[in-house]
Amino acid sequence: MEFAELIKTPRVDGVVLHRPFMPTVEGTLCLTGHHLILSSRQDNTEELWLLHANIDSIEKRFVGSLGTIIVKCKDLRVIQLDIPGMEECLNIASSIEALSTLDSVSLMYPFFYRPLFEVIEDGWQLFVPEEAFKDLESMTDEWRLSEVNKDFSVCPSYPSLLTVPKDIDDESLCKAASFRHGGRFPVLSYYHKKNGMVMMRAAQPLTGTNGRRCKEDEKLINATLCAGKRGYIIDTRTIAVAQQAKARGGGFEQEANYAQWRRIHKAIERSNVLQEGLIKLVEACNDQSHSMDRWLSKLEASNWQSNVKEILTTACLAAQCIDREGASVLVHGTEGTDSTLQVTSLAQIILDPACRTIRGFEALIEREWLQAGHPFQQRCAQSAYSNGKPRSEAPVFLLFLDCVWQILRQFPCSFQFNENFLIMLFEHAYASQFGTFLGNSVAERLKLLLSQKTVSLWSWVNRPQELERFLNPLYEPNNLVIWPSVAPQSLLLWEVPLQMHEMPKEHMDCEISMC
Amino acid sequence: MEHIRTPKVEQVKLLDRFSNKSVTGTLHLTATHLIFVESNSTSAQEIWILHHHIASVEKLSLTTSGCPLLIQCRNFRLVHFVIPRERDCHDIYSSLLRLLRPVSYDELYAFSYNPKQNDQQREEGWQLIDLAAEFERMGVPCDQWQLTDVNREYKVCETYPRDLYVPITASKPIIIGSSKFRSKGRFPVLTYFYQEKKAAVCRCSQPLSGFSARCLEDEHMLQAISKANHNSRYIYVMDTRPKLNALANRAAGKGYENEDNYPNIRFQFVGIENIHVMRGSLQKLLEVMGTRSLSMTDYLVGLENSGWLRHIKAIMDAAIFLAKAVTDEGASVLVHCSDGWDRTAQVCALGSLLLDPYYRTIKGFMVLIEKDWISFGHKFADRCDQLDPDPKEVSPIFTQFLECVWQLTEQFPQAFEFSEWFLIQIHEHVHSCQFGNFLGNSQRQREDLQLKERTYSLWAHLLSEKQNYLNPVYSPSFAESHPVLEPSTQAYHFKFWRNMYHQYDRSMHPRQSILKHVLTLKESNRELEGTVQALKTKLQTFGVSTSPLKPQTPPRERSHPPRPQSLILGAPLLSRKEVQQEEDEEVFGEEAREDAPASTGRERTVEGSSATENGYGELKGSFDSKNEPAVVTLEFGVARMTC
């Protein structure tokens with residue numbers, strides 16, 4: 001398919017761009033296969049380069065022959081374009097609509113983007129499981145790297161290499177996998193050096209209504225316990241939701257079969273509920289009544305802050321079990337690809353100082369999100385402004401970043417990176433010139449040949465000239481566990497992604513420099 | 001002292017407000033303070049509570065561990081003691097009841113507080129703020145405004161200051177006539193002069209208009225104010241009350257200006273609620289915030305139902321209206337409410353703060369409070385419950401003003417010379433009765449009490465520790481580019497002020513403070529520069545010429561500035577005054593202990609995060625001790641799980 005077929009009017013002069021908190025710009029609007037560009041063709045004036053992939057929805061309005069297109073982006077920015085000429089405006093609008101809803105991954109910009117910088121350190125090679133395992137080996141010999149999933153047949157959403165207890169052979173792993181939703185059998189997520197306790201993650205066990213059990217699964221997770229010790233299973237769902245899951249073949253670990261484990265239920269919302277929350281939250285922020293009561297009740301109704309609190313609380317709980325109770329932990333929800341990852345990754349930020357560095361945080365995202373099979377492409381296909389019917393979209397990753405930001409606010413000297421870094425990740429998760437967040441799993445990424453055909457986000461971010469704006473000047477490394485407060489009075493609304501304030505200039509700059 | 005029956009009780013438990021944590025110690029009762037000293041010798045935190053800060057004492061019903069005593073403070077501290085013997089508890093309780101209800105001014109702490117200054121120092125302290133100089137700074141007196149001596153003897157208006165500024169065309173008969181037509185004689189006078197547009201901000205109380213009464217002198221008075229400003233043909237009259245309240249007042253022979261009788265006025269209701277509504281609102285807010293294991297939903301619903309932020313926003317909206325009228329239209333504004341000492345003070349002070357960058361400096365803010373609150377007779381004694389309280393007179397009017405200023409500091413972080421801890425410290429002392437400034441209800445009463453001879457000024461004290469209250473990101477050039485602040489009125493810009501209402505609930509604060517960190521860096525930078533200078537001088541004495549310093553000093557050495565005394569947000573850098581010092585001990589006790597290894601081991605510690613601290617280990621039912629843990633609780637409200 002040629003992009004040109006979709007572009008009816010490639011260029012219009014005399015277009016006026018309005019952005020919140022910024023002066024208006026008049027210039028020429030150009031449409032390319034992947035970008036909407038507005039340039040005043042003057043030096044020192046900012047140009048707009050907007051990826052079509054970033055556009056969530058558009059609205060058209062007409063006053064006489066002057067058309068207006070309001071572009072609402074997935075990163076929650078809203079811009080307005082005044083376009084002289086009704087026909088031009090309609091053409092532009094329909095082109096944007098078509099170009100922003102292309103379904104095929106291989107038509108996405110990352111496959112066309114060629115970096116203008118020299119790739120010194122290839123981000124695709126930066127965080128390989130073998131390296132992480134080497135670190136683990138230096139601390140303990142209880143674990144091995146299994147290739148049981150090397151052709152992704154045991155678990156399509158897992159990577160090919162997985163860290164499992166040394167004493168469990170691949171055959172048992174296969175059996176345990178058949179007992180877990182999506183084949184996601186328990187694997188190592190984090191090893192706590194201080195006391196040797198571990199955090200594992202999985203998907204729900206397929207106990208079903210008649211209480212099926214699986215000896216290999218029991219053996220697998222028991223193998224992570226020291227003699228005489230017990231562990232905690234943190235189920236991110238309420239007991240009621242977990243019960244209901246039985247009817248669909250899912251379920252939870254029965255005490256009788258997992259005698260050495262104590263199960264705790266938490267109440268992290270399912271992803272479709274989270275998406276509704278984001279839509280309501282953005283609506284509340286756009287309320288023009290300036291009424292205090294309306295704002296507070298809408299904010300409450302969005303449940304956004306409640307979700308932040310619940311996710312953080314669960315992560316603190318997991319961390320507490322490991323560090324304070326000296327117990328190992330298994331975390332799962334239903335699929336083990338959303339709330340599970342929020343909890344395991346946040347717990348590591350609390351426990352492990354390495355995760356609070358830039359490299360460490362990148363490694364965490366690579367390990368606990370990308371390789372662990374969070375379906376980025378499904379979750380980030382649409383955002384709060386989309387008119388499309390929601391499929392499996394959900395701000396799971398945004399909520400995780402929000403939680404990190406909350407910890408960062410409470411420990412402003414403990415992180416090597418700053419808020420800009422989190423915002424940058426949010427933006428790139430939804431639309432990017434880099435291939436990092438494409439696909440839903442390692443298997444999909446391999447099939448798409450992303451590492452050959454696209455540039456990794458890390459290749460760009462880790463350049464010294466880019467890193468500079470992501471560094472936290474107050475950072476002083478400390479080796480401690482950092483316990484955040486989760487009292488509602490301590491949690492703030494993360495305003496920057498919600499476009500409530502003037503954006504720091506950096507965000508715009510990176511958009512320009514990338515093109 | 002005769003009111004103290006039991007000066008000391010041992011084995012008293014102090015319960016944490018939001019967790020199950022408790023510490024044991026000794027309770028001491030002195031003439032001025034209630035003191036709790038933790039018995040654990042390693043941490044030994046101390047809590048000093050000034051009697052004046054105690055709003056209520058409550059004895060709860062007896063439990064197996066003893067008799068609980070709940071003490072609620074005006075600075076939003078809440079302490080929960082459990083005293084082993086009922087008798088001791090009762091003694092403390094009844095002593096406190098007597099001690100926290102002083103019957104005469106002489107019993108207030110200010111009259112016994114002695115910071116070891118001589119008379120001259122004390123006098124200098126009182127001379128720091130000079131309102132005549134302040135009006136001069138605004139450009140008054142001038143060709144349109146003059147000083148009147150009509151109230152020199154407090155004969156026209158008891159609750160106004162002696163020196164008042166009025167339009168030159170307002171003769172004495174007009175002033176006196178007008179004052180008779182205004183509630184409590186509070187006739188229209190100047191409070192701020194916006195020199196650039198010659199526009200005046202004036203204040204008064206409601207007119208005694210009833211349903212139809214008129215007063216020619218009062219009408220003349222408003223006309224005189226109008227005429228004093230050539231830039232505008234009209235003046236705004238802002239009635240800061242809701243219209244309904246103003247209407248109701250008419251039945252009592254009071255009311256508001258009839259636009260037909262006053263030519264050239266634009267009359268406007270603003271809708272700020274009265275002192276009773278505000279008192280109730282704060283009470284609801286505190287109730288919600290004091291809930292243990294508060295859920296996010298209950299927090300947000302409670303915040304909304306209390307109406308507190310709605311009231312804060314109403315005050316801010318009024319001030320913004322005032323500032324816009326003055327700057328955009330160049331019009332003068334006359335502000336009143338009922339008596340003109342609550343809402344009027346809020347709106348005039350906040351409006352002036354928006355208009356004039358001087359009021360956003362430390363000294364300027366003191367001047368502003370001295371002018372619009374102290375001198376114009378905000379009834380601090382009644383509102384803050386200093387003496388012989390009438391519970392219906394108590395209201396957090398001044399607290400709301402401080403909070404509005406805080407909301408502005410959040411929107412304009414560079415615009416203020418001071419940080420929120422300056423505001424919180426002022427709030428602390430409005431209730432402490434430790435300094436003379438806020439005692440009494442009016443200037444006249446303060447003169448009768450001879451406060452300047454018998455007590456010390458808070459302003460001198462605050463200026464002496466100015467260092468602690470500086471805002472590190474303050475930019476004087478911001479004031480040049482933004483002389484007038486134009487805050488957003490979007491509801492989401494108004495936030496809950498955690499550090500005010502949970503000042504003493506340290507578990508809710510950030511564990512590391514940017515403010516403190518930056519201040520420490522600045523301080524250590526200053527010290528290093530001093531060292532460089534000293535070394536240069538030394539070199540010169542040896543006849544070695546010095547070249548400009550290049551970063552030859554290994555940066556390693558510089559990257560470890562002295563560790564901040566505390567990483568907790570807002571702890572002033574240096575020690576505060578004597579009483580506060582003890583409280584600091586309490587707040588930073590843990591830090592102090594961690595200090596020693598930190599300086600040698602080069603390892604930074606984080607509040608509440610070292611291995612030995614804070615009772616995370618205090619989990620009910622850990623695995624090794626018990627087979628079936630029922631509940632696991634986390635400190636700091638972190639998490640609560642029920643299995």
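This is a predicted model: local features need pLDDT of at least 70, side-chain atom pairs count only at pLDDT 80 or more; totals for chains, interfaces and linings use all residues.
Local features need pLDDT of at least 70 and side-chain atom pairs count only at pLDDT 80 or more, while totals for chains, interfaces and linings use all residues. Residues are numbered from 1 along each chain as its sequence is written, chains are lettered from A and ligands numbered from 1 in the order in which they are written, and side-chain values use heavy atoms, without hydrogens and water.

Rings of Phe, Tyr and Trp (its six-membered ring) pair if their centres lie within 6.5 Å; planes under 30 degrees apart count as stacked, over 60 as edge-to-face and the rest as tilted. A:Tyr113 and A:Phe434 pair edge-to-face, with 5.4 Å centre to centre and 80° between the planes. The two residues are 321 residues apart and link distant parts of the chain.

In chain B, one aromatic cluster includes B:Phe365, B:Trp373, B:Phe380, B:Trp459 and B:Tyr469.

A charge sits over a ring if NZ of Lys or CZ of Arg is within 6 Å of the ring centre and within 35 degrees of the ring normal. The charged end of B:Arg266 lies over the ring of B:Tyr234, 3.7 Å from its centre. For B:Arg122 over B:Tyr456, the distance is 5.1 Å.

Note on methods
Helices (H or I, at least four residues) and strands (E, at least two) are DSSP runs, numbered from the N terminus.
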